[in-house]
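Visitor: I am new to this structure and would like to be taken through it. Could we look at it together?

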Amino acid sequence: MNTQHTQQQAVEAKAEAGAPHWKAQRRSALVLIPLTLWVLYSLIHQIGLDFDEARAWVSQPLVAVLLIIFVSALFYHSKLGLQVIIEDYISDISGRQAFIKIFNLICWIAGLVAVGSILRIAFGT
């Protein structure tokens, strides 16, 4: 009975520890829903534009800000999701930690490159 109680406490503690991660993933998903719809709608309406017209669209301040929020939320959400997958399917703790660090680094680099690219287009450099 005592062992079962201790195991139940361990399960509850693990669930509580994962709650902030779960909430962050849900919040990022909520941010991504309207932004994804906006990006899809906008891209559909960009079909047929030449390079300069598309660049002018991205250069608009509101568009640039929304794109930066979109790619930031997208890479953050991806990082959170990949971490859950790694934690669920890699049993070796050191291997798990290494994969999480690698994927976090990849998400940060890709996100920074994306944001930097949007800023470069927005400021015309």
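This is a predicted model: local features need pLDDT of at least 70, side-chain atom pairs count only at pLDDT 80 or more; totals for chains, interfaces and linings use all residues.

Visitor: Where is Ser28 placed?

Guide: Ser28 sits in helix α1, which covers residues 2–46.

Visitor: And is Ser28 buried or exposed?

Guide: Ser28 has a relative accessible area of 6%, and because values under 20% count as buried, Ser28 is buried.

Visitor: Stepping back, how many helices and strands does the protein have?

Guide: The protein has four helices and zero strands. Along the sequence, the pattern reads α-α-α-α.

Visitor: What share of the residues counts as buried?

Guide: Of the 125 residues of the protein, 24% count as buried.

Visitor: Among contacts between residues at least 6 apart in sequence, what percentage joins residues at least 24 apart?

Guide: The figure is 76%.

Visitor: Now the packing. How does one describe two packed helices?

Guide: Two packed helices are described by the angle between their axes and by the distance between those axes.

Visitor: What are those values for α3 and α4?

Guide: Helix α3 spans residues 61–89 and helix α4 spans residues 93–122. Their axes come within 9 Å and cross at roughly 170°. Angles over 145 degrees count as roughly antiparallel, and α3 and α4 are therefore roughly antiparallel to each other.

Visitor: Which classes of residue make up that contact?

Guide: The contact of α3 with α4 comprises 17 nonpolar, five polar and three charged residues.

Visitor: What about α2 and α3, at what angle do they pack?

Guide: Helix α2, residues 51–59, packs against α3 at an angle of about 80°, with the axes 5 Å apart. That angle makes α2 roughly perpendicular to α3.

Visitor: Which residues meet there?

Guide: From α2, the residues are Trp57, Val58 and Ser59, and they meet Pro61, Val63, Ala64 and Leu67 in α3. By class, the contact of α2 with α3 has six nonpolar residues, one polar and no charged.

Visitor: Leu67 is on that list. Is Leu67 buried or exposed?

Guide: Leu67, which lies in helix α3, is buried, with a relative accessible area of 12%.

Visitor: What does Leu67 touch?

Guide: Not counting residues up to four places away in sequence, Leu67 touches Trp38, Val39, Trp57, Val58 and Ile118. As for Val115, that residue is 48 residues from Leu67 along the chain, and the two C-alpha atoms are separated by 8.2 Å.

Visitor: And how do α2 and α4 cross?

Guide: The axes of α2 and α4 come within 8 Å and cross at roughly 105°. The range from 65 to 115 degrees counts as roughly perpendicular, so α2 and α4 are roughly perpendicular to each other. Arg55, Val58 and Ser59 of α2 make the contact with Ile118, Ile121 and Ala122 of α4. Four of the residues in the contact of α2 with α4 are nonpolar, one is polar and one is charged.

Visitor: Changing topic, how does one find where empty space is left?

Guide: A probe the size of a water molecule is rolled over the atoms, and this shows where empty space is left.

Visitor: How much space lies in the second largest pocket?

Guide: The second largest pocket holds about 180 Å³ of space.

Visitor: Which residues line the second largest pocket?

Guide: Its lining is made of Val71, Ser72, Phe75, Tyr76, Lys79, Cys107, Trp108, Gly111, Leu112 and Val115. Helices α3 and α4 each supply at least two residues of that lining. By class, the lining has seven nonpolar residues, two polar and one charged.

Definitions and conventions. Residues are numbered from 1 along each chain as its sequence is written. Side-chain values use heavy atoms; hydrogens and water are left out. Axes are lines fitted to C-alpha atoms, for helices over the stretch in contact, and angles run from 0 to 180 degrees between N-to-C directions. Angles under 35 degrees count as roughly parallel, over 145 as roughly antiparallel, 65 to 115 as roughly perpendicular and the rest as oblique. Ala, Val, Leu, Ile, Met, Phe, Trp, Tyr, Cys and Pro count as nonpolar, Asp, Glu, Lys and Arg as charged, and the others, Gly among them, as polar. On a 1 Å grid over the protein atoms alone, a cavity is a set of points where a 1.4 Å probe fits but cannot get out, and a pocket is an open set with protein on both sides within 12 Å along at least five of seven lines; lining residues have an atom within 4 Å of a point. Grid points are joined across faces, edges and corners, and a volume is the space filled by probe spheres set on the points. Buried means under 20% relative accessible area, exposed over 50%, partly exposed in between (1.4 Å probe, protein chains only). Contact means heavy atoms within 4.5 Å.
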